[in-house]
Amino acid sequence: MLRIDGVSRRFGDITALDDVTLEIGQGEFFALLGPSGCGKTTLLRIVAGFETPDAGTVTLDGEDLLSRPPNRRPISLMFQSYALFPHMTVAKNVAYGLEREGLARQEVKKRVGEVLETVGLSAHAGRKPAQLSGGQRQRVALARSIVKRPRLLLLDEPLSALDKKVRADMQLELKRLQNEVGITFVVVTHDQEEAMSLADRIAVFDRGQVCQVDEPISLYERPRTPFVADFVGANNLFPGTASGLDGIKSEQFGMLPGRPLTELPAGAEALLAVRPEKIRLADENAARGVAGSVLDVSFYGGVSHISVDVPGHDRPVLAAVQGAAAVRPGAKVKVRWEAGDAVVVAVDQ
């Protein structure tokens, strides 16, 4: 439905977007994920009409979007700050855009009533924003965005102002709402958990470029660049050189087992990435594994994180185990994993 083709944007010497190409389907929940300053919000503003690209095209259902002013695009943008009118009631905030379009009073009332029912705020229609919780204000902003029935809803860090528990609740609410109203959602976020829990597909950005576009599970289990492997979730990264289908050869640890995602020439610079939940701890006298000592054990309600100091490695190896850990700080162990649980990622030359 939405096609972004070769879009670039520069601000003086800074390249915010560098030849970005994406396709987003009808009814999809799509996330733009990356660190601050990577260009994702600039791309959102270009789609909304608040920025003009230096190069490239943006089309919606095959029609050029860039030639239309923001108010003539079938798009709603929900701001990070929500931007609610403090002197208006919830119902008036939601109705504002429809009234500006000149819709009949009865039609406005009907559509506002329907959307407040959808977001669970019918009982709060007469309240002012100051009388609402953060989660409720977020729902008002959502209601105001979808009441105009846009083809596309853009959300810029929509949950960043909420505390952790409310954010988790609203993630479920956003997904439910998107399924119910059938609008295509594009969300900008730097929160990996948010992107993974919400999106059908995720585009990972770094320094104005798209590193990888994939479904959440594929992105997590099969990162295709060192940046994605390091940025998306916790990962243990071991440098070395490609060694056929067996893994990598490390100067410090010899052969480390893993599976390459693409064919790499022997001796090519590579990283081996293995997730903490795939790491197993064995006795220090075990036949295979990398020797180290336990630095720290932290319990996170059902999961224990174990940090292991491995001589010759630049950072502690992180292991995650269900329940309480059986080891204590200072214990001598070996860390190990199966070849199928580690991914070999090519390092760009």
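Modeller: Let me start with helix H2, residues 90–100, where Val90, Asn93, Val94, Ala95, Gly97 and Leu98 are buried. Please keep in mind that this is a predicted model.

Biologist: Good to know! What do the buried residues of H2 pack against?
Modeller: They pack against two helices, H3 (105–118) and H4 (134–146). H2 is then followed by glycine 102, with a positive phi near 85°.

Biologist: What is the phi of aspartate 19?
Modeller: Positive, about 55°, although aspartate 19 is not a glycine. Most residues other than glycine have a negative phi. Arginine 149 also has a positive phi of about 55° and is not a glycine; its place is in the loop between H4 and strand S7 (152–156).

Biologist: Now the sheet: what is the order of its six strands?
Modeller: The order is S13-S12-S11-S15-S21-S14, in an open sheet with mixed pairing. Strands S13 (254–257) and S14 (259–260) stand at the edges because each has a single partner strand, so one side of each is left without a neighbour in the sheet.

Biologist: How do you know that S11 and S15 pair?
Modeller: Pairing takes at least two bridges. S11 (residues 236–242) and S15 (residues 269–274) have six bridges, in the antiparallel sense, so they count as paired. Across that pairing, asparagine 236 stands opposite valine 274 in S15.

Key
Residues numbered from 1 in each chain as written. Predicted model: local features only at pLDDT ≥ 70, side-chain atom pairs only at ≥ 80, totals over all residues. Heavy atoms only, no water. Helix = DSSP H or I, 4+ residues; strand = E, 2+ residues; numbered from the N terminus. Buried < 20%, exposed > 50% of the residue type's maximum accessible area, 1.4 Å probe, protein only. Contact = heavy atoms within 4.5 Å.
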